[in-house]
Amino acid sequence: QVQLVESGGGLVQAGGSLRLSCAASGLIFSDYNMGWFRQTPGREREFVARISGSGGNTYYTDSVKGRFTISRDNAKNTVTLQMNSLKPEDTAEYYCAAQWKFGNKYNYWGQGTQVTVSS
């Protein structure tokens, strides 16, 4: 059974930092690209960042480039999203997700962790 468990969310002031982690189990972790998404009530889920299975390639949505960094540790089956210079518009529920390296959709999702940035 595949499980993705996020942690690290919380309340932070604008300009501050948070580090989200996602622990994966039940899958061959390096066979999966890992992504972070976010969603606010009434809006569609938004792509934030993705990292390839080897960790060699990363992608970011424009609004977080230069502020967020995605990384992974395949020995520990974890993926991390370091978020700096946070803005109130970054407030959302953040989800990690796993995409099989030869697929085109995300196969597994975590339960989410709330990030709230106060102005």
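**Notebook: rings, disulfide and sheet in a predicted model**

I searched the whole structure for aromatic pairs and found six; I counted rings of Phe, Tyr and Trp (its six-membered ring) as paired if their centres lie within 6.5 Å, with planes under 30 degrees apart taken as stacked, over 60 as edge-to-face and the rest as tilted. The model is a predicted one, in which local features need pLDDT of at least 70 and side-chain atom pairs count only at pLDDT 80 or more, whereas totals for chains, interfaces and linings use all residues. I number residues from 1 along each chain as its sequence is written, and side-chain values use heavy atoms, with hydrogens and water left out.

**Rings**

I looked up F37 and Y106, which form an edge-to-face pair at 4.9 Å centre to centre with 85° between the planes. F37 belongs to strand β4 (residues 32–39) and Y106 to the loop between β9 and β10 (108–109), so this pair ties together parts that are 69 residues apart in sequence; strands (E, at least two residues) and helices (H or I, at least four) are DSSP runs, numbered from the N terminus. I then checked accessibility, where buried means under 20% relative accessible area, exposed over 50% and partly exposed in between (1.4 Å probe, protein chains only). F37 is buried at 10%, and Y106 also counts as buried, at 17%.

I noted next that W100 and F102 have ring centres 5.2 Å apart and planes at 80°, so this pair is edge-to-face. W100 counts as partly exposed, with 37% relative accessibility, while F102 counts as exposed, with 63%.

Which residues do ring pairs link into a cluster? I find F37, F47, Y106 and W109 linked in this way.

I also looked for charges over rings, requiring NZ of Lys or CZ of Arg within 6 Å of the ring centre and within 35 degrees of the ring normal. The charged end of R45 sits over the ring of W109, at 3.8 Å from its centre, and R72 lies over the face of F29, at 4.3 Å from the ring centre.

**Disulfide**

I find one disulfide in the structure, taking the term as a pair of cysteine sulfur atoms within 2.5 Å. C22 and C96 form this link, with their sulfur atoms 2.0 Å apart, and with 40° about the S-S bond the link is right-handed. C22 lies in strand β3 (residues 18–25) and C96 in strand β9 (residues 92–100), so the pair ties together parts that are 74 residues apart in sequence. Both ends are buried, C22 with a relative accessible area of 1% and C96 with 0%.

**Sheet**

I traced an open sheet of four strands in the order β1-β3-β8-β7, with antiparallel pairing; two strands pair if DSSP finds at least two bridges between them. Its edge strands, each pairing on one side only, are β1 (3–7) and β7 (68–73), and the twist averages 15° from one strand to the next, with axes as lines fitted to C-alpha atoms and angles running from 0 to 180 degrees between N-to-C directions. Five bridges join β1 to the antiparallel β3, and Q3 stands opposite S25 in β3.

**Backbone angles**

I looked up phi for two residues other than glycine and found positive values, near 55° for N77 and near 50° for S85. N77 is placed in the loop between β7 and β8 (78–83), whereas S85 lies in the loop between β8 and β9 and is partly exposed, with a relative accessible area of 41%.
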